[in-house]
Amino acid sequence: MANKKDLVIIGSGPAGLCAAIYAGRAMLDQVVIEKESFSGGQVITTERIDNYPGLYGISGYEMAMKFREHANQLEIPFMEGEVTEIIDNSSGETSSKLVTLTNGETIETKAVIFATGARHKMLSVKGEKELTGAGVSYCATCDGAFFRGKTVAVVGGGDVALEDALYLSNLCEKVYLIHRRDGLRGAKVLQRRVAEAANIEFLPFYEVQEICGDGMVEKIRIKQNQTGDEKELPVSGIFIAIGMDPQNEAAKGLLELDKTGYICAGEDCRTSVPGIYAAGDIRTKSLRQVVTAVADGAVAIASLEQDLNN
Ligand code: NAP
């Protein structure tokens, strides 16, 4: 027999936890399903956060703990597991979804919030993992300010890499833009602005081989993929912008996704299936930050309450 709930929230990053807090205050019978044995999502690996109002300089870990503590104060139930399938059994005015977990357990629920987030793609080179948060970053708007006046590298040739290079060129002394081809994928207007920026040096046909440093990034080793020539660039930071992997497994075949795999949902967080909402980085949106994720968590509950009452 399936366990019965008003709401299943998938994911316990900032969007999922904020949705849970609002659902708790709305007295909804809910459960938050988290993949790991801890909450926080991507934020947990962020060294320092300077752009969340009121919590200047907080570490991502501490922020995640604070969010989770808040949820615990409201006695919100959490369950560890992974959702493998969601079946929409709604009929007429009655919303009913059947959520199945990897362990075979099923939950019958009126509503589901996807707050599964997205993961930055990694280069998978030596030094990347070890120096993440110590000069290796996946978010220029989050971490750029730590590299004011320094020399940094950006890897990638899409819109994000070009935007990151331009953003960093206003803060840093010099920015290397490293791309594995000479053709850039990013918008022409961004390409022109990159070409015009005096302190951005474009390095086409280069691939990063290794990120080096004793506790902090000091240099990177790069290889020209046509000639095989290798060289070292002294940099204080490296921003990896080679795309994201939206965590959309359980949404495939059920919800409308955009061409890059994010769940299509507007600012009200409603998806293509009534009773299912998307909040945070998994949703189609222009700015993926903690502050926009928590806002989505609140908005998703407001939409859900409206829908349940109608
Ligand atoms: P993207 O467009 O997929 O570009 C990823 C870039 O990283 C590509 O240039 C790719 O090289 C390179 N790359 C991928 N794997 C690599 C690897 N292992 N090693 C080295 N380089 C690698 O990703 P994105 O820039 O994150 O953008 C994602 C989506 O958001 C895009 O559709 C983009 O248009 C959109 N976006 C739009 C805006 C805007 O409209 N203002 C802003 C940001 C993002 P190749 O080119 O050789 O494949």
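Q: Which strand pairs with S2, in what sense, and over how many bridges?
A: S2 and strand S3 (residues 78-80) pair in the parallel sense over three bridges, where helices (H or I, at least four residues) and strands (E, at least two) are DSSP runs numbered from the N terminus, and two strands pair if DSSP finds at least two bridges between them. Within this pairing, Met79 of S3 is the bridge partner of Ile33. Please keep in mind that this is a predicted model, in which local features need pLDDT of at least 70 and side-chain atom pairs count only at pLDDT 80 or more, while totals for chains, interfaces and linings use all residues. Residues are numbered from 1 along each chain as its sequence is written, and side-chain values use heavy atoms, with hydrogens and water left out.

Q: Which strand is joined to S2 by four bridges, and how does the chain get from one to the other?
A: In general, strands of a sheet pair through backbone hydrogen bonds, either parallel or antiparallel. Here strand S1 (residues 3-10) runs parallel to S2 and is joined to it by four bridges, with Val8 opposite Val31 of S2. The chain crosses from S1 through helix H1 (residues 14-25) to S2 in a right-handed β-α-β crossover, a term meaning that, with the strands pointing away from the viewer, the path from the first strand over the helix to the second runs clockwise.

Q: Are the residues of S2 buried or exposed, and which way do they point?
A: In a regular strand the side chains alternate between the two faces of the sheet. In S2, Gln30, Val32 and Glu34 point one way and Val31 and Ile33 the other, and all are buried (under 20% relative accessible area with a 1.4 Å probe, protein chains only). Because five of the five residues of S2 (residues 30-34) are buried, this strand is largely enclosed by the rest of the structure.

Key
Buried < 20%, exposed > 50% of the residue type's maximum accessible area, 1.4 Å probe, protein only.
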